[in-house]
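Hello,

Here is the structure I promised to pass on, with some notes to read alongside it. Please have it open while you go through them.

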Amino acid sequence: MAEIDIFDNSEGQLPQDLGDDVVQEVLKTGTDLRQYSRQIEKELKEVENKSIQDYIKESQNIASLHNQIAACDNILEKMESMLMNFQSDLGSISSEILHLQRKSVAMTQQRSNRQLIHALLNQFIEDMTVSEALIAGIMDCPVTEKEFLVQLETLNHKINFVKEQSFKEAKSCLDIKDILEKLKVKAMAKIREYLLEQIYKFRKPMANYQVPQNNMLKYKFFFEFILANERNVVEEICGEYVDTMSKVYYSYFKSYCSKLMKLQFEERASKDDLMGVEDTASRGIFHKTTLKHKGTVFSIDKRDEVLSTQFEASIIIPHVHNHTASKTRYHYEALFRSKQYALVDNACREYLFLVEFFKVRNKQALDIFNQVMGKTLILMKKNLQSFVDDCYDTIALFLCLHLVMRYQLICHKRAVPALDNYWEDLTAIIWPRFERVFQLNIQSIKDCDQSKFNKETGPHYITRRYAEFSAAIVSIVEGFPCEGATQLLAELRDAVQCFLLRMASIFPNRTQQLVFLINNYDLILGVLMERTRDNSKEAESFRELLNARSSEFVEEVLSPHFGGIIQLVKESEALIDKGQMDDLKRQEGKALALVQSFTNNWKRALEEIHREVLQSFPSLVLGGALVQRTMTQLVQYYHRLHKILPPNARAQLTNIHHIMVEIKKYKTNY
């Protein structure tokens with residue numbers, strides 16, 4: 001059994017299941033294990049001998065393989081050595097590359113520094129060098145040539161550069177300082193001569209001063225150059241320009257205003273041309289002739305076009321009108337507009353020129369502008385003052401006032417604040433006189449003695465004047481609000497309303513008084529509605545008055561013909577409201593009598609009412625409207641009468657349809 005275990009261990013490489021099968025086979029056949037063991041050992045020996053023989057046969061091949069393996073080992077050993085050397089070489093190359101990289105960075109920085117220094121040195125040398133082109137350009141070129149301007153800018157740069165370097169104590173400045181100074185003196189002389197030449201061109205008669213101004217603006221750098229280098233020359237040029245242009249503007253506007261005023265209407269409003277002064281008032285033999293058409297003082301007609309279509313139109317040319325067959329005449333506000341528009345154009349252009357050419361701002365700009373335009377502005381204010389002092393044309397004053405306000409806005413849009421004080425001075429001249437004349441007109445209405453006027457129920461002449469005048473002022477205020485004017489209008493409106501009430505009191509009966517008031521209120525409202533907005537305070541006020549007096553007039557017209565019925569209706573409705581039905585029954589007899597009277601007379605009454613109303617009002621539209629209003633009021637009373645009558649009285653009433661058919665006959669188409 002021990003031999004079997006040894007066998008099993010020596011042959012352990014065989015599959016376990018095969019060993020088990022052999023053991024099972026031995027056990028089954030009953031083989032002798034010792035015999036079996038010797039047999040196995042013998043077989044193993046044979047196998048071993050065969051294997052040795054095989055090795056002996058292949059000995060040469062094995063030796064050759066061994067030699068080949070040894071040779072491979074030598075080769076691999078050499079390759080290892082080579083690779084180690086290569087690795088060492090790569091390490092040294094990497095160090096060299098890193099060194100070269102650092103050296104390259106240093107060289108690049110050095111190159112950049114040298115280039116920078118080279119550029120600075122080149123620029124410095126360029127700025128410190130006075131070229132032949134610069135000398136020739138300044139010395140020989142006319143100032144109007146482009147080359148001179150280019151070289152002048154170069155010279156200006158070099159002068160400023162040398163000044164800067166002098167503060168740094170650069171010795172190279174001494175080399176070119178003298179030549180730059182000489183070039184500067186030469187350039188200054190040529191520029192001074194050119195600018196003075198342009199300024200003297202303004203003095204030529206009939207010269208268009210915008211041409212030399214434009215030439216000066218084209219070379220505005222000339223003034224910048226002398227401003228930076230020679231203050232004395234600056235003062236000389238400024239002084240010459242201011243003195244010249246001051247005289248040019250003053251002469252032009254003095255002549256223009258003088259010629260323009262010859263185109264004004266010869267007839268002018270006076271103290272006798274006030275709203276409340278009667279046209280036929282007695283005057284002394286030496287009394288000055290007043291306007292032939294006093295209405296032109298109070299009506300605006302097309303005069304307000306100076307604020308719209310004519311506002312920025314071309315100015316009036318006096319000599320053109322003087323040479324026409326019939327001279328065109330103008331109201332003062334049209335001439336005022338032309339003068340102020342000419343001033344706005346010239347002053348705005350002048351201010352912008354001064355700012356751009358002389359390089360001034362704010363207070364300096366205003367100072368030099370006032371030196372140039374001061375005498376002209378004083379002249380314009382004196383001319384206005386001379387007109388305003390004895391002016392009684394309120395509309396002209398108000399239009400001038402609004403022209404001032406609107407031209408001031410134009411100046412602001414053009415970024416020209418230089419005329420602000422001028423506009424304020426004009427306003428201070430116009431407004432007190434406007435207010436004074438307005439108050440004189442109000443007072444003239446208050447002072448009217450109504451007893452001196454004829455008892456005519458048609459529109460009064462003061463009413464016509466007020467209607468035209470208030471419509472004119474209101475239409476202007478609507479476009480440009482004016483609080484002071486609104487207050488004055490309110491005072492005038494109150495004065496006119498009081499005057500109309502005083503005038504109405506001279507009529508003996510209430511119907512005539514109402515006719516007078518309605519005619520006058522209707523005229524005022526009609527004019528206001530035609531020329532102003534519907535919601536103006538004046539229109540609203542007179543609309544309310546007209547409506548109230550119209551309602552009262554309707555009652556007055558109906559009363560003679562249907563007074564009994566109207567009274568019965570009102571008394572009966574009052575009794576019904578109080579619940580006094582017994583008292584109401586007591587009036588049945590009176591009601592039957594009134595119904596019978598109405599049935600017999602209503603057609604004739606309608607005819608008389610129609611004729612009376614139309615005869616009372618010259619305006620067919622107003623008369624027709626009041627006829628319809630009266631008829632409508634009668635129908636309303638008739639309906640109310642029908643409600644309060646007892647059944648037996650209702651049966652006697654005229655059918656309402658018959659009345660309506662008859663009323664339609666009086667309906668007007670206008």
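Which residue's side chain meets that of Glu-224 in a salt bridge? The partner is Lys-359, with N and O 3.4 Å apart; a salt bridge here is a side-chain nitrogen of Lys or Arg within 4 Å of a carboxyl oxygen of Asp or Glu. The pair links distant parts of the chain, 135 residues apart: Glu-224 sits in helix H9 (residues 220–229), while Lys-359 lies in the loop between H13 and helix H14 (362–389).

Before the rest, a word on how to read this. The model is predicted, so local features need pLDDT of at least 70 and side-chain atom pairs count only at pLDDT 80 or more, whereas totals for chains, interfaces and linings use all residues. Residues are numbered from 1 along each chain as its sequence is written, and side-chain values use heavy atoms, with hydrogens and water left out.

Overall picture

The protein has 25 helices and 0 strands; both are DSSP runs numbered from the N terminus (helices H or I, at least four residues; strands E, at least two). Of its 670 residues, 40% count as buried, where buried means under 20% relative accessible area, exposed over 50%, and partly exposed in between (1.4 Å probe, protein chains only). Among contacts with a separation of 6 or more, 78% are between residues 24 or more positions apart; a contact means heavy atoms within 4.5 Å.

The largest nonpolar core has 181 residues. Such a core is a set of buried Ala, Val, Leu, Ile, Met, Phe, Trp, Tyr and Cys residues joined through side-chain atoms within 4.5 Å. Phe-222, Ile-226, Tyr-241 and Phe-358 have the most contacts inside it. Its largest share, 15 residues, comes from helix H13 (residues 332–357). The core also draws at least three residues from each of domain 2 (132–229) and domain 3 (553–666), with bounds from an automatic or database domain assignment.

H13 itself has 26 residues and reaches 37 Å from its first C-alpha to its last. That is close to the 38 Å expected at 1.5 Å a residue, a span calculated as 1.5 Å times one less than the number of residues. Because 22 of its 26 residues are buried, H13 is largely enclosed by the rest of the structure. Leaving aside neighbours within four places in sequence, Phe-358 is in contact with Phe-223, Cys-238, Tyr-241, Phe-353 and Ile-368. H13 is followed by Lys-359, whose phi is positive, near 55°.

Salt bridges

A search of the whole structure finds 20 salt bridges. In the pair I opened with, Glu-224 is partly exposed at 31% relative accessibility, and Lys-359 is partly exposed at 33%.

Arg-303 and Glu-333 form another, with their closest N and O atoms 2.6 Å apart. Arg-303 is in the loop between helix H11 (295–298) and helix H12 (318–322), and Glu-333 is in helix H13, 30 residues apart from it in the chain. Arg-303 is buried, with a relative accessible area of 7%, and Glu-333 is buried at 1%.

A further bridge joins the side chains of Lys-665 and Glu-662 (3.1 Å, N to O). Lys-665 is exposed at 59% relative accessible area, whereas Glu-662 counts as buried at 12%. Finally, salt bridges that share partners join Arg-303, Glu-333 and Asp-393 into one network.

Best wishes
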